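Hi,

Here is the structure I promised to pass on. My notes on a pocket and a sheet follow below it.

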Amino acid sequence: GLLPGSYTVTEDTPADWLATTATSFTRDLTVGENYTGPDFGNVPLSTITACKFYDADVDGQKDTGEAAVNGIRFTLTGTDIKGTGVSMTRTTGGDSQNPLPEGAAVFAGLLPGAYTLTESVPLNWIAMTATTRQVSIACDEPQNKQFDFGDVCLESGHGGLTLGYWSNKNGQSLITAGDMSTLN
């Protein structure tokens, strides 16, 4: 139902998608012409967030009241759908130039692909959750994936359960054969 003339068609690409083709085209239509323009191509952009918490009750679960921890480094490596190698490092809480939510390290604008998210556990801390997560991002829609990482600090003065705690009957009652195997 369009009259002859010059027309421009422009795609309004959503914020969490990346255009992989031109986002507009112009066509001069003649009388009675039916024209099918070029396809528009897009791929979703996703976010992976690492959330660091102090696992005060050493149960490996993020519980109400367990504090977020800033200053912990996370690395994301992998390969996206274009075959491009990815290697990025972020610190929980960010910095003065790039502030982030408390206890969060955010990796945004990721293409679909296979990634590995790894926590750098600080000296005198013990991981209560896995320190590495395998993450697969699909091509069908943007994804926001979040993973919790919990640790405790063994150094005195940091609110953690100290070596003294672990050597008394209270700490000893929590240690399992699996813990000893892991430590060995």
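How do the residues lining the second largest pocket divide into nonpolar, polar and charged? There are six nonpolar, four polar and two charged (Ala, Val, Leu, Ile, Met, Phe, Trp, Tyr, Cys and Pro count as nonpolar, Asp, Glu, Lys and Arg as charged, the others, Gly among them, as polar).

Before the rest, the ground rules. This is a predicted model, where local features need pLDDT of at least 70 and side-chain atom pairs pLDDT 80 or more, while totals for chains, interfaces and linings use all residues. Residues are numbered from 1 along each chain as its sequence is written, and side-chain values use heavy atoms, without hydrogens and water.

Back to that pocket (on a 1 Å grid over the protein atoms alone, an open set of points where a 1.4 Å probe fits, with protein on both sides within 12 Å along at least five of seven lines; lining residues have an atom within 4 Å of a point). Its volume, the space filled by probe spheres set on the points, is about 230 Å³. Among the lining residues are Tyr7, Phe25, Arg27 and Glu33. Strands S1 (5-10) and S3 (24-29) each give two or more residues, and S3 gives the most, with three (strands are DSSP runs of E, at least two residues, numbered from the N terminus).

Now the sheet: four strands form an open, mixed one in the order S8-S5-S12-S10 (two strands pair if DSSP finds at least two bridges between them). Its edge strands are S8 (104-110) and S10 (125-127). S5 (residues 46-54) pairs with S8 in the antiparallel sense over five bridges, and Ile48 has Phe107 in S8 as its bridge partner.

Best wishes
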